[in-house]
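I opened this entry to keep a record of what I looked up in the model and in what order.

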Amino acid sequence: MSELMFDSLPILLRGLGITLLLSVAAMVGSTLLGLLAAVLRTSRLPFGRQLALLYTELFRGTPVLITLMFIYFGVAYFGYEINLFAAGILGLSIYQGAYISEVFRAGIDAVPKGQWEVSWILGLSKWQTFMHVVLPQTRGIVLPPLVGQYLSLIKDTSIVSMIGMSELMHQGQAIVDRIGQPAVIYSLVSLLYFVVCFPLSRWVQHHQARSPLL
């Protein structure tokens, strides 16, 4: 068993590297999409609010696998090509962005309305008020739940194996298909996910314990 684990570890570590690259890229994409949707949800533009609401409700109400399948196979249906890595980033960004938008929206709503009014009295525009007054305060409020959502994103990368991307879960499945021993291989895969996620999980718990109102 130890020899099997030793021989499998390099392959799984290569898959883990792809998982981490995919996770970081999707974190950036989902954060930008989530922030944009949250800004639209809290704006005074009726069309923008409805569009952001439709986005969040649609993707929060459907499985992430459906989103990935639609992007990867749907793009090909319309005559375009997209590689697996780009499809994974786009699918996870769109899906997780719907959840992250609610995190940002809650943070924006938590900033007292008086902050807006004082900023306008001081002559700041709405954009300046948001960027220099509201957003800095929102950052401290949303950071713990945002990192918690990133944890969910890292674990969701395992689903990208369903479209054939050779990340950690896919590599583990390939080893099992070739030599068997699913209990050993999947235990090792789980351990690698744990090594990545546990420090982030502890960080979230630590900050939530220090700031229970968050």
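**Aromatic pairs.** I am working from a predicted model, and I began with a search of the whole structure for aromatic pairs, which returned four.

**Salt bridges.** Next I turned to the charged side chains, where the count comes to four salt bridges. Which residue forms a salt bridge with Arg41? I found Glu102 there, with the closest N and O atoms 3.1 Å apart. Glu102 belongs to helix α4 (residues 84-110) and Arg41 to helix α1 (residues 2-41), so this pair ties together parts that are 61 residues apart in sequence. Are Glu102 and Arg41 buried or exposed? I noted both of them as buried; for Glu102 the relative accessibility is 17%, and the class requires a value under 20%.

Glu102 also meets the side chain of Arg60 in a salt bridge, at 3.8 Å from N to O. Here too the pair links distant parts of the chain, since Arg60 sits in helix α2 (residues 46-60) and Glu102 in helix α4, 42 residues apart. Arg60, at 35% relative accessibility, counts as partly exposed, whereas Glu102 counts as buried.

A further salt bridge that I recorded runs between Arg105 and Asp109, with the closest N and O atoms 3.7 Å apart. Both residues lie in helix α4, four residues apart, or about one turn of the helix. I recalled that an α-helix has 3.6 residues a turn, so residues three or four places apart point the same way. Arg105 is partly exposed with a relative accessible area of 24%, and Asp109 is partly exposed at 40% relative accessibility.

**Helix α7.** I then checked the length of helix α7 (residues 168-179): at 1.5 Å a residue its 12 residues should span 16 Å, and its end C-alpha atoms are 17 Å apart, which agrees. Where do the buried residues of α7 lie around the axis? I listed Leu168, Gln171, Gly172, Ile175 and Val176 as the buried ones, and they cover an arc of only 140 degrees, which puts them on the same side of α7. On the face turned away from that buried side I found the exposed residues Asp177 and Arg178. After α7 comes Gly180, and its phi is positive, near 80 degrees.

**Surface patch.** Last, I looked for nonpolar side chains at the surface, and found that Leu191, Phe194, Val195 and Phe198 form a patch there, with about 390 Å² of accessible area together. Of these I followed up Phe194, which lies in helix α8 (residues 182-210) and counts as partly exposed at 48% relative accessibility.

Notes: Residues are numbered from 1 along each chain as its sequence is written. This is a predicted model: local features need pLDDT of at least 70, side-chain atom pairs count only at pLDDT 80 or more; totals for chains, interfaces and linings use all residues. Side-chain values use heavy atoms; hydrogens and water are left out. Patches are made of residues with over 30% relative accessible area and no salt bridge: like charges are joined within 9 Å, nonpolar side chains (Val, Leu, Ile, Met, Phe, Trp, Tyr) within 5 Å. Accessible areas come from the Shrake-Rupley method with a 1.4 Å probe; for residues, only the protein chains shown count as cover. Helices (H or I, at least four residues) and strands (E, at least two) are DSSP runs, numbered from the N terminus. Buried means under 20% relative accessible area, exposed over 50%, partly exposed in between (1.4 Å probe, protein chains only). Rings of Phe, Tyr and Trp (its six-membered ring) pair if their centres lie within 6.5 Å; planes under 30 degrees apart count as stacked, over 60 as edge-to-face and the rest as tilted. The expected span of a helix is 1.5 Å times one less than its number of residues. The arc is that of the directions from the helix axis to the C-beta atoms.
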